[in-house]
Amino acid sequence: MRKLLTAVVVLGLLVIPLRAADAAEPGKLVFADDFDGTSIDRTKWAIHSNAEGDQCLGNKSNDQLEWHTWDALSVRDGKLTMTATKNNPAPGYEWSGALITTGQACGHEPSNSFAVQPGDYVETRLKLPSAQGFWPSTWTWNGNGSNEQDTYEFYSDNHNTLYLTNHQSPGGSCKYEAPADLTTDWHTIAERLGSDQTVWYLDGKEVCRQGAYAGTGDALILDLFVFGKIAPTVTSESMQIDYVHVYRP
């Protein structure tokens, strides 16, 4: 498209947290939002994206039924809630939904725009939606999609599957089948945008490895889309995001 769990080593009275697998040393933190305020930080995020063909706020040609609004975003108790609602937000759209982007925002770029680079480690901690008909994801976008990376895509009719894709030629993708329902608990999903290989992690464990990433100017996007191919069974659904972090070697 478009706080990893830790082991603990005790040395005397010194407690050292360790990250799992190849994510052991993600690098220097270069972008973070821990959603500690009372509203979305508009200096970091915009809701317009030039990946969206309808006034940069909707994209029915991509099987998306939602129109993106600020009202679909709320921040409380250190978490961002994205909500899709069937409330007729704009002509031709029955659903409002959520997209936030760090750039490539059709002239609405946030004052602190951010772009990922080769080598970056992108990590989100989230709780996925469970009702049928929704399509959340974390991904990158450079304006034309040639470098697009999907840290994950999730279709909420199937609670065990993540789609992990490098759209940059020669790219590659994985369909990861989790051993348990992914909507019942919080999970950390991460991706190393390696200049030799792209590597994906679920809860600190490597789950996919594909081709290299050499993108430039790629904004980071998080969203909750309403999926046009599988009708929602509810009139409102939400997901929560604890944080999004980007580390750089």
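1. Asparagine 144 sits in the loop that joins strand S9 (134–141) to strand S10 (149–153), where strands are DSSP runs of E with at least two residues, helices are runs of H or I with at least four, and both are numbered from the N terminus. This is a predicted model, in which local features need pLDDT of at least 70 and side-chain atom pairs count only at pLDDT 80 or more, while totals for chains, interfaces and linings use all residues. Residues are numbered from 1 along each chain as its sequence is written, and side-chain values use heavy atoms, with hydrogens and water left out.

2. Is asparagine 144 buried or exposed? Asparagine 144 is exposed, because its relative accessible area is 55%, and exposed means over 50%, buried under 20% and partly exposed in between, with a 1.4 Å probe and protein chains only. From C-alpha to C-alpha, asparagine 144 lies 24 Å from tyrosine 247, and 103 residues separate the two in sequence.

3. Turning to the whole chain, there are 17 strands and zero helices, and buried residues account for 53% of the 249 residues. Along the principal axes, the C-alpha atoms fill a box of roughly 60 × 35 × 35 Å.

4. The mean pLDDT, which is the predictor's confidence in each residue from 0 to 100, is 91 for the chain, and 90% of the residues reach 70 or more. Over residues 2–21, however, the pLDDT is below 50, although this stretch has 43 contacts in the model beyond near neighbours in sequence, a contact being heavy atoms within 4.5 Å.
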